[in-house]
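Trainee: I would like to learn how to read side-chain features from a model. Could we go through them one at a time?

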Amino acid sequence: MANADIIRLAFFLGTLAVVAAWEILAPRRVLTDSKRRRWFTNLAIVAVDTAFARIILPLLPVGMAVMTHQPGGLPYWLKVLLSIIALDFVIYLQHVLFHFVPVFWCLHRMHHTDLDIDVTTGNRFHPFEIVISLGIKMAAVALIGAPVLAVVVFEILLNATSQFNHGNIAIPVAVDKYLRLFVVTPDMHRVHHSVIPRETNSNFGFNLPWWDRLCGTYRPQPEKGHEGMTIGLNDFRNPARLTLFHLLVQPFTGKS
């Protein structure tokens, strides 16, 4: 359990560093908001989320896998692979749920209020959303009997791909065309952060890109192009109201 936390932290920091460097070397868009303020806010949210989750849910998905996984049945490697795919589909469904159920959207919209999108946006989630998400993952782990290795690998992949596909990084169109057949790319996910509601409610995948195509929520490109699109939500565009405190209380005030 302790080793799993160390491994996840190492991958989190490593992915953050690699994508952040990539953003400097090959940015996709010109940023419109203060990067220093946004980074402080988004990374502070990570610390709050981690502490809150540990207090509310001391038993995390890996611990649930330790308790519920039963050896036997399918070959171990196949159980690991199928469990990772199943958990990814659960997260896709959860993401859709958080967009279309009003009480959940009040929490999730904090993620969409970022006026720019970069590697830190991939970690910008309200602590109550994190706890609900952990509860859903724990239920899914128990239901499918996922092996511990599958849960550890999935958690690492989910965080790494979330930071990657939120990255403000330029990938050649010809490469992106084929890459998005296997993983959600930044150009694919950026559409999801458009202010246009029909684009916001598309491309829900974080890791595997197949669910959006299979479920009819895939939108290949933003209407105004990646350089011309506006990021965020129309009702939350005042940077002074997007500080750490305001974001944490935003679901309960509804004020922009």
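Trainee: Is Cys106 buried, partly exposed or exposed?

Mentor: This is a predicted model, and the label follows from relative accessible area. Buried means under 20% and exposed means over 50%. Cys106 has a relative accessibility of 25%, so Cys106 is partly exposed. Cys215, at 40%, also counts as partly exposed.

Trainee: How many disulfides does a search of the whole structure find?

Mentor: A disulfide is a covalent bond between the sulfur atoms of two cysteines. The search of the whole structure gives zero disulfides.

Trainee: Next, aromatic pairs. How many does the count come to?

Mentor: Rings of Phe, Tyr and Trp pair if their centres lie within 6.5 Å. By this rule there are ten aromatic pairs. One of them is Phe98 with Phe104: the ring centres are 4.8 Å apart and the planes are at 25°, so this pair is stacked.

Trainee: What is the geometry of the pair Phe128 and Phe252?

Mentor: Planes over 60 degrees apart count as edge-to-face. For Phe128 and Phe252 the planes are at 75° and the centres 5.7 Å apart, so the pair is edge-to-face. The pair links distant parts of the chain, 124 residues apart: Phe128 belongs to helix α6 (residues 127-144) and Phe252 to helix α13 (residues 244-253). Phe128 is partly exposed at 36% relative accessibility, whereas Phe252 is exposed, with a relative accessible area of 55%.

Trainee: Which residues form one aromatic cluster?

Mentor: One cluster is formed by Phe89, Tyr92, Phe100, Phe204, Trp210 and Trp211.

Trainee: Last, the surface. Which residues make the nonpolar surface patch of about 350 Å²?

Mentor: Tyr178, Leu181 and Phe182 make this patch. Phe182 lies in the loop between α8 (173-179) and α9 (186-190). The relative accessibility of Phe182 is 57%, so Phe182 counts as exposed.

Terms used. Residues numbered from 1 in each chain as written. Predicted model: local features only at pLDDT ≥ 70, side-chain atom pairs only at ≥ 80, totals over all residues. Heavy atoms only, no water. Patch = residues over 30% accessible without salt bridge, like charges linked within 9 Å, V, L, I, M, F, W, Y side chains within 5 Å. Areas by Shrake-Rupley, 256 points an atom, 1.4 Å probe, with all protein chains shown as cover. Salt bridge = Lys/Arg side-chain N within 4 Å of Asp/Glu carboxyl O. Helix = DSSP H or I, 4+ residues; strand = E, 2+ residues; numbered from the N terminus. Buried < 20%, exposed > 50% of the residue type's maximum accessible area, 1.4 Å probe, protein only. Phe/Tyr/Trp six-rings, centres within 6.5 Å; stacked < 30°, edge-to-face > 60°. Disulfide = S-S within 2.5 Å.
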